[in-house]
Amino acid sequence: MKKILMIGLSVLALLATSCKDWLDINDNPNYVAEVSESSLLPTGIMLTAARVGYEYELLGYFWAHYAVQAKNTNQYTTIMANQLTNSSAFFGQPWRQAYYAILPTLNDVLAKCEGDAGKLNYVLMAKTMIAFNYHMLASCFERIPISQALQGEANLTPEYDSEADVQKQIVALLAEIVAMDPEQVAAAEAVNPTTSADMLFAGNTGNWFKFANTLYLKMLMRDFDKNKTTIQSVLNSPLGFLDEADASFAHFSDSADKSNPLYESDRRQLNTNANMGACSDILKVVVADDPRLSEYFDNPSNLPVEQMGVDYGTQVNSYDNWRVKLAATDPVCFASIAEAAFLRAEAYARLNDAAKAQEFYEAGIAASFERWGFGAAAAGFIAGDYAFRSGTAEEMVEQIICQKWAASIRVQTWNAWWDINRTGYPAFGKVLTPYYGSIEGHPVRFMYSTYSSDYNPNTPAVKQLDEKMWWHK
(Lines give C-alpha, C1' and ligand atoms only; values in the text may rest on other atoms or scores of the structure.)
Protein backbone atom coordinates (compact mmCIF):
# COMPACT_ATOMS: atom_id res chain seq x y z
CA MET A 1 0.00 0.00 0.00
CA LYS A 2 2.70 2.48 1.00
CA LYS A 3 4.60 1.88 -2.22
CA ILE A 4 1.54 2.70 -4.28
CA LEU A 5 0.64 5.77 -2.27
CA MET A 6 4.12 7.24 -2.64
CA ILE A 7 3.43 7.60 -6.35
CA GLY A 8 1.73 10.93 -5.64
CA LEU A 9 0.41 13.43 -8.09
CA SER A 10 3.75 13.76 -9.86
CA VAL A 11 3.21 10.26 -11.21
CA LEU A 12 -0.46 11.04 -11.81
CA ALA A 13 0.75 13.80 -14.11
CA LEU A 14 3.22 11.43 -15.76
CA LEU A 15 0.62 8.75 -16.27
CA ALA A 16 -1.87 11.31 -17.54
CA THR A 17 0.47 12.24 -20.38
CA SER A 18 2.23 8.97 -21.13
CA CYS A 19 0.20 6.10 -19.73
CA LYS A 20 0.14 4.35 -23.08
CA ASP A 21 3.92 4.32 -23.19
CA TRP A 22 4.16 3.20 -19.55
CA LEU A 23 1.89 0.26 -20.30
CA ASP A 24 3.64 -0.66 -23.55
CA ILE A 25 5.51 -3.76 -22.42
CA ASN A 26 6.40 -5.26 -25.77
CA ASP A 27 9.18 -3.08 -27.15
CA ASN A 28 11.40 -1.61 -24.48
CA PRO A 29 13.36 -4.07 -22.31
CA ASN A 30 13.62 -1.42 -19.59
CA TYR A 31 9.86 -1.71 -18.96
CA VAL A 32 8.42 -4.35 -16.68
CA ALA A 33 7.65 -7.60 -18.44
CA GLU A 34 4.04 -7.69 -17.28
CA VAL A 35 1.63 -5.25 -15.67
CA SER A 36 -0.70 -6.98 -13.25
CA GLU A 37 -4.26 -6.12 -12.38
CA SER A 38 -3.03 -5.08 -8.93
CA SER A 39 -1.07 -2.26 -10.62
CA LEU A 40 -3.56 -1.41 -13.34
CA LEU A 41 -6.58 -0.97 -11.05
CA PRO A 42 -5.04 1.70 -8.78
CA THR A 43 -3.66 3.47 -11.84
CA GLY A 44 -7.13 3.71 -13.35
CA ILE A 45 -8.58 4.97 -10.07
CA MET A 46 -5.81 7.53 -9.54
CA LEU A 47 -6.09 8.88 -13.06
CA THR A 48 -9.84 9.23 -12.60
CA ALA A 49 -9.27 11.18 -9.38
CA ALA A 50 -6.83 13.51 -11.14
CA ARG A 51 -9.50 14.57 -13.63
CA VAL A 52 -12.56 14.55 -11.35
CA GLY A 53 -10.64 16.47 -8.71
CA TYR A 54 -9.48 19.20 -11.06
CA GLU A 55 -11.41 20.06 -14.25
CA TYR A 56 -14.80 18.70 -13.19
CA GLU A 57 -14.60 20.08 -9.66
CA LEU A 58 -13.29 23.50 -10.73
CA LEU A 59 -15.96 24.02 -13.38
CA GLY A 60 -18.56 22.79 -10.91
CA TYR A 61 -17.54 25.45 -8.39
CA PHE A 62 -18.38 28.20 -10.87
CA TRP A 63 -21.26 26.72 -12.84
CA ALA A 64 -23.10 25.55 -9.70
CA HIS A 65 -22.67 29.12 -8.36
CA TYR A 66 -20.46 28.45 -5.37
CA ALA A 67 -17.54 30.60 -6.54
CA VAL A 68 -16.76 33.88 -8.31
CA GLN A 69 -13.53 35.13 -9.83
CA ALA A 70 -11.66 37.67 -7.69
CA LYS A 71 -10.46 40.92 -9.26
CA ASN A 72 -6.98 41.51 -10.66
CA THR A 73 -6.20 37.82 -11.13
CA ASN A 74 -8.61 36.66 -13.86
CA GLN A 75 -7.49 33.03 -13.81
CA TYR A 76 -11.06 31.76 -14.20
CA THR A 77 -12.77 34.73 -15.84
CA THR A 78 -13.51 32.77 -19.01
CA ILE A 79 -15.19 30.07 -16.92
CA MET A 80 -17.40 32.53 -15.04
CA ALA A 81 -18.27 34.40 -18.23
CA ASN A 82 -18.98 31.13 -20.11
CA GLN A 83 -16.39 31.98 -22.76
CA LEU A 84 -14.62 28.62 -23.01
CA THR A 85 -14.21 27.14 -26.49
CA ASN A 86 -13.82 23.58 -27.73
CA SER A 87 -10.05 24.02 -27.68
CA SER A 88 -10.07 24.56 -23.92
CA ALA A 89 -8.03 22.11 -21.86
CA PHE A 90 -10.88 22.09 -19.35
CA PHE A 91 -12.83 20.08 -21.93
CA GLY A 92 -9.89 18.44 -23.65
CA GLN A 93 -8.08 16.86 -20.74
CA PRO A 94 -11.07 14.98 -19.27
CA TRP A 95 -11.85 13.65 -22.75
CA ARG A 96 -8.29 12.79 -23.72
CA GLN A 97 -7.34 11.11 -20.51
CA ALA A 98 -10.55 9.09 -20.33
CA TYR A 99 -10.08 7.52 -23.77
CA TYR A 100 -6.30 7.50 -23.92
CA ALA A 101 -5.44 6.27 -20.44
CA ILE A 102 -8.21 5.72 -17.91
CA LEU A 103 -10.68 3.53 -19.78
CA PRO A 104 -8.00 1.46 -21.59
CA THR A 105 -6.25 0.83 -18.26
CA LEU A 106 -9.45 -0.33 -16.59
CA ASN A 107 -10.34 -2.38 -19.65
CA ASP A 108 -6.97 -4.12 -19.33
CA VAL A 109 -7.99 -5.19 -15.83
CA LEU A 110 -11.06 -6.87 -17.31
CA ALA A 111 -9.00 -8.54 -20.02
CA LYS A 112 -6.85 -10.11 -17.32
CA CYS A 113 -9.61 -11.01 -14.88
CA GLU A 114 -12.93 -11.76 -16.58
CA GLY A 115 -13.66 -15.46 -16.64
CA ASP A 116 -11.52 -16.10 -13.57
CA ALA A 117 -13.71 -16.80 -10.54
CA GLY A 118 -10.79 -15.95 -8.29
CA LYS A 119 -10.66 -12.40 -9.66
CA LEU A 120 -14.31 -11.42 -9.58
CA ASN A 121 -13.41 -8.71 -7.09
CA TYR A 122 -11.24 -7.02 -9.71
CA VAL A 123 -14.03 -7.38 -12.26
CA LEU A 124 -16.47 -5.66 -9.89
CA MET A 125 -14.12 -2.77 -9.24
CA ALA A 126 -12.96 -2.27 -12.84
CA LYS A 127 -16.49 -2.40 -14.28
CA THR A 128 -17.78 0.04 -11.67
CA MET A 129 -14.98 2.48 -12.46
CA ILE A 130 -15.63 2.10 -16.20
CA ALA A 131 -19.32 2.84 -15.63
CA PHE A 132 -18.40 5.81 -13.44
CA ASN A 133 -16.08 7.27 -16.09
CA TYR A 134 -18.65 6.81 -18.85
CA HIS A 135 -21.27 8.50 -16.68
CA MET A 136 -18.92 11.46 -16.12
CA LEU A 137 -18.33 11.82 -19.86
CA ALA A 138 -21.97 11.37 -20.85
CA SER A 139 -23.11 13.86 -18.22
CA CYS A 140 -20.92 16.56 -19.72
CA PHE A 141 -20.65 15.70 -23.43
CA GLU A 142 -23.93 13.74 -23.94
CA ARG A 143 -23.03 11.66 -27.01
CA ILE A 144 -19.84 9.66 -26.53
CA PRO A 145 -18.24 6.53 -28.03
CA ILE A 146 -19.04 3.40 -26.04
CA SER A 147 -19.99 0.51 -28.33
CA GLN A 148 -16.94 1.09 -30.58
CA ALA A 149 -14.63 2.46 -27.89
CA LEU A 150 -11.61 0.68 -26.42
CA GLN A 151 -10.81 -1.26 -29.59
CA GLY A 152 -7.30 0.13 -29.78
CA GLU A 153 -5.69 0.34 -33.20
CA ALA A 154 -8.50 -1.78 -34.63
CA ASN A 155 -10.70 1.33 -34.56
CA LEU A 156 -9.11 4.72 -34.03
CA THR A 157 -12.21 6.63 -35.18
CA PRO A 158 -15.12 5.16 -33.22
CA GLU A 159 -18.67 6.24 -33.83
CA TYR A 160 -20.39 8.35 -31.18
CA ASP A 161 -23.39 6.48 -29.79
CA SER A 162 -26.75 8.27 -29.74
CA GLU A 163 -28.00 9.90 -26.57
CA ALA A 164 -30.45 7.04 -25.99
CA ASP A 165 -27.84 4.35 -26.61
CA VAL A 166 -25.31 5.99 -24.29
CA GLN A 167 -27.85 6.01 -21.47
CA LYS A 168 -28.95 2.46 -22.29
CA GLN A 169 -25.40 1.08 -22.31
CA ILE A 170 -24.33 2.72 -19.04
CA VAL A 171 -27.51 1.53 -17.31
CA ALA A 172 -27.02 -1.97 -18.75
CA LEU A 173 -23.44 -2.10 -17.48
CA LEU A 174 -24.54 -1.04 -14.01
CA ALA A 175 -27.36 -3.59 -14.06
CA GLU A 176 -24.79 -6.24 -14.92
CA ILE A 177 -22.59 -5.15 -12.03
CA VAL A 178 -25.31 -5.15 -9.38
CA ALA A 179 -26.44 -8.59 -10.62
CA MET A 180 -23.07 -10.09 -9.65
CA ASP A 181 -23.11 -12.50 -6.72
CA PRO A 182 -21.76 -10.68 -3.63
CA GLU A 183 -20.79 -13.95 -1.97
CA GLN A 184 -18.74 -15.08 -4.95
CA VAL A 185 -17.06 -11.68 -5.13
CA ALA A 186 -16.31 -11.78 -1.40
CA ALA A 187 -14.85 -15.25 -1.82
CA ALA A 188 -12.56 -13.95 -4.57
CA GLU A 189 -11.48 -11.11 -2.29
CA ALA A 190 -10.60 -13.60 0.44
CA VAL A 191 -8.41 -15.58 -1.96
CA ASN A 192 -6.97 -12.67 -3.94
CA PRO A 193 -7.22 -9.56 -1.72
CA THR A 194 -7.19 -6.06 -3.20
CA THR A 195 -6.22 -4.30 0.02
CA SER A 196 -3.28 -2.56 -1.66
CA ALA A 197 -4.87 -2.09 -5.08
CA ASP A 198 -8.29 -0.80 -4.08
CA MET A 199 -7.79 2.94 -3.62
CA LEU A 200 -11.39 3.59 -2.58
CA PHE A 201 -12.47 0.96 -0.06
CA ALA A 202 -9.29 -1.08 0.64
CA GLY A 203 -10.89 -4.33 -0.42
CA ASN A 204 -14.38 -3.86 1.02
CA THR A 205 -16.41 -5.38 -1.81
CA GLY A 206 -19.69 -4.64 -0.04
CA ASN A 207 -18.95 -0.94 -0.36
CA TRP A 208 -18.17 -1.39 -4.05
CA PHE A 209 -21.62 -2.90 -4.55
CA LYS A 210 -23.12 0.05 -2.68
CA PHE A 211 -21.19 2.45 -4.90
CA ALA A 212 -22.43 0.69 -8.04
CA ASN A 213 -26.00 0.57 -6.76
CA THR A 214 -25.90 4.29 -5.91
CA LEU A 215 -24.64 5.06 -9.41
CA TYR A 216 -27.29 2.77 -10.89
CA LEU A 217 -30.08 4.67 -9.12
CA LYS A 218 -28.54 7.98 -10.20
CA MET A 219 -28.59 7.03 -13.87
CA LEU A 220 -32.12 5.63 -13.69
CA MET A 221 -33.37 8.86 -12.12
CA ARG A 222 -32.55 10.73 -15.33
CA ASP A 223 -35.66 9.20 -16.87
CA PHE A 224 -37.82 8.61 -13.81
CA ASP A 225 -41.12 7.89 -15.53
CA LYS A 226 -39.63 5.32 -17.88
CA ASN A 227 -37.63 3.63 -15.11
CA LYS A 228 -40.15 3.91 -12.29
CA THR A 229 -40.61 0.16 -11.79
CA THR A 230 -36.86 -0.50 -11.88
CA ILE A 231 -36.23 2.38 -9.48
CA GLN A 232 -38.67 0.88 -6.97
CA SER A 233 -36.80 -2.42 -7.22
CA VAL A 234 -33.40 -0.76 -6.80
CA LEU A 235 -34.61 1.12 -3.72
CA ASN A 236 -35.35 -2.26 -2.12
CA SER A 237 -32.11 -3.90 -3.24
CA PRO A 238 -30.30 -5.87 -0.52
CA LEU A 239 -27.05 -4.42 -1.83
CA GLY A 240 -27.87 -1.12 -0.16
CA PHE A 241 -26.38 2.27 -0.90
CA LEU A 242 -23.34 4.18 0.32
CA ASP A 243 -23.86 4.61 4.05
CA GLU A 244 -20.56 3.74 5.74
CA ALA A 245 -17.98 5.44 3.55
CA ASP A 246 -17.84 7.78 0.57
CA ALA A 247 -16.47 6.48 -2.69
CA SER A 248 -13.48 8.78 -2.56
CA PHE A 249 -9.77 8.87 -3.32
CA ALA A 250 -8.16 10.13 -0.14
CA HIS A 251 -4.47 9.39 -0.65
CA PHE A 252 -3.05 12.91 -0.68
CA SER A 253 -0.45 14.67 1.45
CA ASP A 254 0.41 18.32 2.06
CA SER A 255 3.45 18.47 -0.19
CA ALA A 256 4.16 19.60 -3.72
CA ASP A 257 2.74 17.37 -6.46
CA LYS A 258 1.10 15.06 -3.92
CA SER A 259 -1.90 17.12 -2.84
CA ASN A 260 -5.52 17.34 -3.97
CA PRO A 261 -5.49 18.31 -7.68
CA LEU A 262 -7.53 21.50 -7.37
CA TYR A 263 -5.60 22.61 -4.30
CA GLU A 264 -2.32 21.83 -6.05
CA SER A 265 -3.21 23.98 -9.04
CA ASP A 266 -5.15 26.83 -7.44
CA ARG A 267 -3.30 27.27 -4.15
CA ARG A 268 0.20 25.97 -4.75
CA GLN A 269 1.05 26.58 -8.42
CA LEU A 270 -0.67 29.86 -9.35
CA ASN A 271 0.85 33.25 -8.54
CA THR A 272 -2.01 34.00 -6.14
CA ASN A 273 -4.20 31.89 -3.92
CA ALA A 274 -7.09 34.35 -3.98
CA ASN A 275 -8.77 33.50 -7.29
CA MET A 276 -11.87 31.76 -6.00
CA GLY A 277 -14.13 34.06 -4.02
CA ALA A 278 -17.41 33.06 -2.40
CA CYS A 279 -20.68 33.49 -4.29
CA SER A 280 -23.47 35.01 -2.23
CA ASP A 281 -25.95 32.42 -3.50
CA ILE A 282 -24.86 30.11 -0.68
CA LEU A 283 -26.69 32.28 1.85
CA LYS A 284 -29.92 31.85 -0.09
CA VAL A 285 -29.99 28.16 0.87
CA VAL A 286 -27.70 27.82 3.90
CA VAL A 287 -28.52 29.86 7.01
CA ALA A 288 -25.83 32.14 8.40
CA ASP A 289 -25.25 30.14 11.60
CA ASP A 290 -24.76 26.82 9.79
CA PRO A 291 -21.34 25.61 11.04
CA ARG A 292 -20.53 24.01 7.67
CA LEU A 293 -19.92 27.47 6.24
CA SER A 294 -16.62 27.58 8.13
CA GLU A 295 -15.52 24.52 6.16
CA TYR A 296 -16.85 25.80 2.84
CA PHE A 297 -15.21 29.24 2.88
CA ASP A 298 -12.22 31.00 4.45
CA ASN A 299 -12.59 34.42 6.04
CA PRO A 300 -9.08 35.86 5.69
CA SER A 301 -10.11 39.42 6.56
CA ASN A 302 -12.47 38.53 9.40
CA LEU A 303 -15.48 39.85 7.53
CA PRO A 304 -19.03 39.42 8.89
CA VAL A 305 -21.10 36.59 7.47
CA GLU A 306 -23.22 39.11 5.57
CA GLN A 307 -20.13 39.77 3.43
CA MET A 308 -19.55 36.10 2.75
CA GLY A 309 -20.00 36.47 -1.00
CA VAL A 310 -21.13 38.51 -3.98
CA ASP A 311 -23.58 37.87 -6.80
CA TYR A 312 -22.38 35.50 -9.47
CA GLY A 313 -20.61 37.35 -12.26
CA THR A 314 -19.36 40.03 -9.86
CA GLN A 315 -15.64 40.46 -9.32
CA VAL A 316 -14.48 41.94 -6.04
CA ASN A 317 -11.20 42.58 -4.29
CA SER A 318 -10.23 39.35 -2.61
CA TYR A 319 -9.84 41.16 0.71
CA ASP A 320 -13.47 42.29 0.58
CA ASN A 321 -14.89 38.82 0.23
CA TRP A 322 -14.67 35.35 1.71
CA ARG A 323 -12.68 32.75 -0.24
CA VAL A 324 -13.46 29.17 -1.28
CA LYS A 325 -11.78 26.88 1.23
CA LEU A 326 -9.59 24.05 -0.04
CA ALA A 327 -7.13 21.73 1.66
CA ALA A 328 -4.18 19.76 0.36
CA THR A 329 -5.56 16.52 1.74
CA ASP A 330 -9.17 16.95 0.61
CA PRO A 331 -10.38 13.64 -0.86
CA VAL A 332 -11.66 13.51 -4.42
CA CYS A 333 -15.19 12.21 -4.04
CA PHE A 334 -16.82 10.08 -6.74
CA ALA A 335 -20.04 9.46 -4.78
CA SER A 336 -20.94 10.25 -1.18
CA ILE A 337 -23.08 9.04 1.66
CA ALA A 338 -25.03 12.29 1.52
CA GLU A 339 -25.61 11.95 -2.23
CA ALA A 340 -26.91 8.40 -1.78
CA ALA A 341 -29.38 9.59 0.86
CA PHE A 342 -30.61 12.56 -1.17
CA LEU A 343 -31.01 10.34 -4.26
CA ARG A 344 -33.33 8.06 -2.33
CA ALA A 345 -35.16 11.05 -0.85
CA GLU A 346 -35.82 12.39 -4.34
CA ALA A 347 -36.93 8.99 -5.62
CA TYR A 348 -39.40 8.56 -2.77
CA ALA A 349 -40.68 12.11 -3.24
CA ARG A 350 -41.39 11.37 -6.90
CA LEU A 351 -43.13 8.19 -5.75
CA ASN A 352 -45.24 10.36 -3.40
CA ASP A 353 -43.91 8.60 -0.30
CA ALA A 354 -43.46 11.67 1.90
CA ALA A 355 -42.41 9.71 4.99
CA LYS A 356 -39.54 7.97 3.19
CA ALA A 357 -38.61 11.17 1.39
CA GLN A 358 -38.30 12.93 4.74
CA GLU A 359 -36.31 10.06 6.25
CA PHE A 360 -33.62 10.20 3.60
CA TYR A 361 -33.71 13.99 3.25
CA GLU A 362 -32.82 14.21 6.93
CA ALA A 363 -30.23 11.45 6.53
CA GLY A 364 -28.57 13.44 3.74
CA ILE A 365 -28.34 16.59 5.84
CA ALA A 366 -27.03 14.60 8.81
CA ALA A 367 -24.36 12.96 6.63
CA SER A 368 -23.24 16.34 5.35
CA PHE A 369 -22.91 17.74 8.87
CA GLU A 370 -21.09 14.60 9.99
CA ARG A 371 -18.58 14.88 7.14
CA TRP A 372 -17.31 18.18 8.54
CA GLY A 373 -17.39 17.16 12.20
CA PHE A 374 -20.67 18.84 13.10
CA GLY A 375 -22.80 15.76 13.52
CA ALA A 376 -24.07 16.79 16.95
CA ALA A 377 -25.49 20.02 15.51
CA ALA A 378 -27.44 18.41 12.68
CA ALA A 379 -30.59 17.55 14.63
CA GLY A 380 -31.23 21.16 15.59
CA PHE A 381 -31.08 22.35 11.99
CA ILE A 382 -33.15 19.41 10.74
CA ALA A 383 -35.85 20.32 13.25
CA GLY A 384 -35.50 24.05 12.60
CA ASP A 385 -34.27 25.93 9.54
CA TYR A 386 -33.99 22.85 7.34
CA ALA A 387 -37.19 21.11 8.49
CA PHE A 388 -38.79 18.94 5.82
CA ARG A 389 -42.12 20.18 4.52
CA SER A 390 -44.54 17.71 2.99
CA GLY A 391 -46.27 18.89 -0.15
CA THR A 392 -46.57 17.98 -3.79
CA ALA A 393 -43.91 15.75 -5.27
CA GLU A 394 -42.32 18.74 -6.98
CA GLU A 395 -42.30 20.81 -3.78
CA MET A 396 -40.58 17.99 -1.94
CA VAL A 397 -38.05 17.52 -4.76
CA GLU A 398 -37.17 21.21 -4.72
CA GLN A 399 -36.22 21.29 -1.04
CA ILE A 400 -34.35 17.98 -1.36
CA ILE A 401 -32.23 19.19 -4.28
CA CYS A 402 -31.57 22.56 -2.63
CA GLN A 403 -30.18 20.83 0.46
CA LYS A 404 -28.26 18.42 -1.75
CA TRP A 405 -26.73 21.47 -3.46
CA ALA A 406 -25.78 22.87 -0.05
CA ALA A 407 -24.09 19.58 0.84
CA SER A 408 -22.04 19.35 -2.39
CA ILE A 409 -19.56 22.15 -1.79
CA ARG A 410 -15.99 20.91 -1.52
CA VAL A 411 -17.27 17.40 -2.27
CA GLN A 412 -19.04 17.02 -5.64
CA THR A 413 -19.57 20.48 -7.11
CA TRP A 414 -19.91 18.98 -10.60
CA ASN A 415 -22.80 16.83 -9.39
CA ALA A 416 -24.60 19.89 -8.02
CA TRP A 417 -24.21 21.54 -11.44
CA TRP A 418 -25.75 18.46 -13.07
CA ASP A 419 -28.67 18.55 -10.61
CA ILE A 420 -29.36 22.18 -11.52
CA ASN A 421 -29.47 21.15 -15.17
CA ARG A 422 -31.57 18.05 -14.48
CA THR A 423 -34.12 19.40 -12.01
CA GLY A 424 -33.99 23.19 -12.30
CA TYR A 425 -33.12 23.50 -8.58
CA PRO A 426 -31.86 25.69 -7.06
CA ALA A 427 -33.63 27.87 -9.60
CA PHE A 428 -31.93 30.80 -11.33
CA GLY A 429 -33.60 34.06 -10.35
CA LYS A 430 -35.66 32.46 -7.59
CA VAL A 431 -32.66 31.23 -5.58
CA LEU A 432 -29.47 31.51 -7.61
CA THR A 433 -28.23 34.77 -9.14
CA PRO A 434 -29.80 35.30 -12.57
CA TYR A 435 -27.83 34.26 -15.65
CA TYR A 436 -24.48 35.90 -16.32
CA GLY A 437 -22.15 35.54 -19.27
CA SER A 438 -21.80 35.43 -23.04
CA ILE A 439 -24.39 32.73 -23.87
CA GLU A 440 -28.19 32.78 -23.93
CA GLY A 441 -28.64 30.60 -20.84
CA HIS A 442 -26.42 29.08 -18.20
CA PRO A 443 -23.86 26.41 -19.18
CA VAL A 444 -25.21 22.86 -19.19
CA ARG A 445 -22.56 20.92 -21.12
CA PHE A 446 -18.94 20.61 -22.21
CA MET A 447 -18.07 21.26 -25.85
CA TYR A 448 -16.78 18.37 -27.94
CA SER A 449 -13.04 18.76 -27.72
CA THR A 450 -10.57 19.32 -30.51
CA TYR A 451 -8.74 16.35 -29.00
CA SER A 452 -11.45 14.31 -30.70
CA SER A 453 -12.50 16.40 -33.68
CA ASP A 454 -8.93 16.86 -34.93
CA TYR A 455 -8.49 13.09 -35.25
CA ASN A 456 -11.94 11.54 -35.44
CA PRO A 457 -14.20 12.61 -38.33
CA ASN A 458 -17.15 11.04 -36.50
CA THR A 459 -17.06 13.72 -33.81
CA PRO A 460 -20.45 15.48 -33.75
CA ALA A 461 -20.72 19.18 -34.49
CA VAL A 462 -19.86 21.37 -31.54
CA LYS A 463 -22.85 22.38 -29.45
CA GLN A 464 -22.91 25.60 -27.46
CA LEU A 465 -22.55 25.56 -23.71
CA ASP A 466 -26.24 26.30 -23.12
CA GLU A 467 -27.73 23.65 -25.45
CA LYS A 468 -29.66 21.32 -23.17
CA MET A 469 -29.29 17.56 -23.14
CA TRP A 470 -32.17 15.10 -23.32
CA TRP A 471 -32.36 14.67 -19.52
CA HIS A 472 -32.24 18.36 -18.62
CA LYS A 473 -35.12 20.34 -17.18
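The model is predicted, so local features need pLDDT of at least 70 and side-chain atom pairs count only at pLDDT 80 or more, while totals for chains, interfaces and linings use all residues. Residues are numbered from 1 along each chain as its sequence is written, and side-chain values use heavy atoms, with hydrogens and water left out.

**Cavities**

Let us start inside the protein. Rolling a probe the size of a water molecule over the atoms shows where empty space is left. Here a cavity is a set of points, on a 1 Å grid over the protein atoms alone, where a 1.4 Å probe fits but cannot get out, and its lining residues have an atom within 4 Å of a point. Points are joined across faces, edges and corners, and a volume is the space filled by probe spheres set on them. The structure has 7 cavities of 30 Å³ or more.

Helices (H or I, at least four residues) and strands (E, at least two) are DSSP runs numbered from the N terminus.

The largest cavity is lined by 14 residues, and Glu57, Asn260, Pro331, Arg410 and Val411 are the closest to its centre. Two elements give two or more residues to that lining: helix H3 (37-63) and strand E6 (332-335).

For the second largest cavity, the lining includes Lys218, Arg222, Glu339, Trp418, Asp419 and Trp471. Helix H13 (337-350) and helix H17 (413-423) each supply at least two of its residues.

**Helix H16**

Helix H16 covers residues 393-406, and its 14 residues reach 20 Å from first C-alpha to last, close to the 20 Å expected at 1.5 Å a residue; the expected span is 1.5 Å times one less than the number of residues. Buried means under 20% relative accessible area, exposed over 50%, and partly exposed in between (1.4 Å probe, protein chains only). By that rule H16 is mostly covered, with 11 of its 14 residues buried. Among them are Met396, Ile400, Cys402, Lys404 and Trp405. Lys404 also lines the second largest cavity. The buried residues of H16 pack (contact means heavy atoms within 4.5 Å) against helix H12 (293-296), H13, helix H14 (354-371) and H17.

**Cysteines**

A disulfide is a pair of cysteine sulfur atoms within 2.5 Å, and the structure holds 0 of them. For Cys333, the nearest cysteine sulfur belongs to Cys140, 16 Å away. Cys333 is buried at 3% relative accessibility, and Cys113 is buried too, at 0%.

**Backbone details**

Most residues other than glycine have a negative phi, and most peptide bonds are trans. The peptide bond from Tyr425 to Pro426 is cis, with omega near -10 degrees, and Pro426 sits in the loop between H17 and helix H18 (450-453). Asn302 has a positive phi of about 55 degrees. It lies in the loop between strand E4 (297-298) and strand E5 (323-324) and is exposed at 68% relative accessibility. Asn352 has a positive phi as well, near 60 degrees; this residue is in the loop between H13 and H14 and is exposed, with a relative accessible area of 57%.

Definitions and conventions: On a 1 Å grid over the protein atoms alone, a cavity is a set of points where a 1.4 Å probe fits but cannot get out, and a pocket is an open set with protein on both sides within 12 Å along at least five of seven lines; lining residues have an atom within 4 Å of a point.
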